[in-house]
Amino acid sequence: MDSIAEQINSVRAHIPADVTLVCVSKFQPIEAIRQAYEAGERHFGESRVQELKMKSTQLPSDIHWHFIGHLQTNKVRDLLKLRPYLIQSVDSEHLLCAINEEAAKLGIVQDVLLEVHVAREETKTGFTPEEITNIFPSLNRYAHIRCCGLMTMATNTDDETEIRRCFMEAKAILSTLNFQHSTLSMGMSDDYRIAIDCGSNMVRIGSTIFGERNLSKAKPVLPKAVFFDQDGVLFNSMPYHAQSWEWSMNKHGLPFTAEQTYRNEGRTGASVINEAYHLIHGVEAPQELIEAVYTDKSNHFNELTGGQLPELIPGVREVLQYLHESGVQCWVVTGSGQRSLLSKLHDTFPGIFSGIITAFDVTHGKPDPEPYLKAWERSGFAKEECAVVENAPLGVRAGKAAGLFTIAVNTGILPDEALWAEKADRVFPNMTELLHFFKQ
């Protein structure tokens, strides 16, 4: 196909200057969006909050992000934190209320379009024309929402007469209402010229710019092996590790904080101690100091936990059980050398794990890819058949460096951005969301 820039130029030739082009970038890779940006485009459309969050951290800050997919009310707050330029798919009064409530908490006014259903298809969503007319007089009670107009989609048909009917009906509805801004978003790759002819001043174009997506290649399937980190993924042990590291390091004259524990999570204990020592003295730590610090750290950890296993991360047992019952191999890949934890893994999760890679099995710990490469080699599967579940930035880096699909579940104190910055393929707030992902 022609380059993205050439495709944009071709589309632009048919779009008047007063019509806004929104490049539909959902499911498209970062590089493709970057090419469109370099060609001068600034308006991009996404349909999933998590995908928008990932892309917004990796692309220029002057992009105007449009949310064009179905928005669940439980995702509203996460979306508004990203400050979208325009939410085009407000399809119910319930959603209007949710957006207004969350926008008020954030102290912002959110621009939206009301989605109107004029197509002759039950699968499409939105207000009916009658509902739009009835709700319009009460829109001013939503103090934290600015309704800028309408969005619609035509019936999926080759019948140009039916397509024009849909667009003209939406135009007529907009004409009868006195919106503060009269935005009419309608028209996609197959029908944008008709939409513009019918009065559209905003079009949403994806495949004509980026090319057709081969959805058959993206058919969701479960991996054949999943490699789980231990601390912060299986067990809620990181608060104890943070206290133990801070105590033992400072005891031996090495300034260290709880946050540094989370930043270094996944590395072998020896490498953490050595780096802390090197920052102060400019040389590697003596072996006897490494052993002393790590022994004190381990002993303090056991004192804090009473020699018992820390509680499980909520929902992780259900994730492991689902994968195990689905025939997926589950592995533990950890930088830990904490024998008190390692010895009890099989007792805690009987029959679940196919193998365990620990600090004793590798020369180089995370963020080096060696631990995950070793697990992958022993699993016997192709890389594209495996996935990593991590909670730490360095663990994500190790998984990506190993060439594996890497999921992050943020169970710690660091912001999601620390995980996205390491190029995580997905970031979830908890194990319930991860289970839902696997089930889909």
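1. A polar contact is a pair of N or O atoms within 3.5 Å; within protein, one of the two must be able to donate a hydrogen and the other to accept it, and residues adjacent in sequence count only if both atoms are side-chain atoms. One such case stands at the start of helix α20, where a side-chain oxygen of Asn430 comes to within 3.2 Å of the backbone nitrogen of Thr432. Helices (H or I, at least four residues) and strands (E, at least two) are DSSP runs, numbered from the N terminus.

2. This is a predicted model, in which local features need pLDDT of at least 70 and side-chain atom pairs count only at pLDDT 80 or more, while totals for chains, interfaces and linings use all residues. Residues are numbered from 1 along each chain as its sequence is written, and side-chain values use heavy atoms, with hydrogens and water left out.

3. Overall, the protein chain has 20 helices and 14 strands. Its C-alpha trace spans about 80 × 45 × 45 Å along the principal axes. Of the 440 residues in the protein chain, 52% are buried; buried means under 20% relative accessible area, exposed over 50% and partly exposed in between, with a 1.4 Å probe and protein chains only. Contact means heavy atoms within 4.5 Å. Among contacts in the protein chain between residues at least 6 apart in sequence, 63% join residues at least 24 apart.

4. Two strands pair if DSSP finds at least two bridges between them.

5. Ala387 has Phe405 of β13 as its bridge partner.

6. Which residues of helix α20 (residues 431-439) are buried? They include Met431, Leu434, Leu435 and Phe438. Seen down the axis of α20, the buried residues fall within an arc of 100 degrees, so they line one face of the helix; the arc is that of the directions from the helix axis to the C-beta atoms. These buried residues pack against β9, α14 (316-325), β12, β13 and β14.

7. Strand β6 (residues 145-151) has six of its seven residues buried, so the rest of the structure largely encloses this strand. Strand β5 (residues 110-115) pairs with β6 in the parallel sense over five bridges, and the bridge partner of Glu115 in β6 is Met151. With strand β7 (residues 183-185), β6 pairs in the parallel sense over three bridges; there, Leu150 has Leu184 of β7 as its bridge partner. β6, helix α7 (residues 160-176) and β7 form a right-handed β-α-β unit. A crossover is right-handed if, with the strands pointing away from the viewer, the path from the first strand over the helix to the second runs clockwise.

8. Leu234 lies in the loop between β9 and α10 (238-251). Leu234 counts as buried, at 0% relative accessibility. Not counting residues up to four places away in sequence, Leu234 touches a set of residues including Leu312, Ile313, Val332 and Phe353. The C-alpha atoms of Leu234 and Val389 are separated by 10.0 Å, with the two residues 155 apart along the chain.

9. In helix α2 (residues 30-38), Ile30, Ala32, Ile33, Ala36 and Tyr37 are buried. Their arc, seen down the axis of α2, is within 165 degrees, so they line one face of the helix. The cover over them includes α1 (4-12), β2 (43-46), α3 (49-58) and α9 (207-210). Just after α2, Gly40 takes a positive phi of about 110 degrees.

10. The side chains of Asp296 and Lys251 are joined by a polar contact of 3.0 Å. Leaving aside neighbours within four places in sequence, Asp296 is in contact with Trp247, Ser248, Lys251 and His252.
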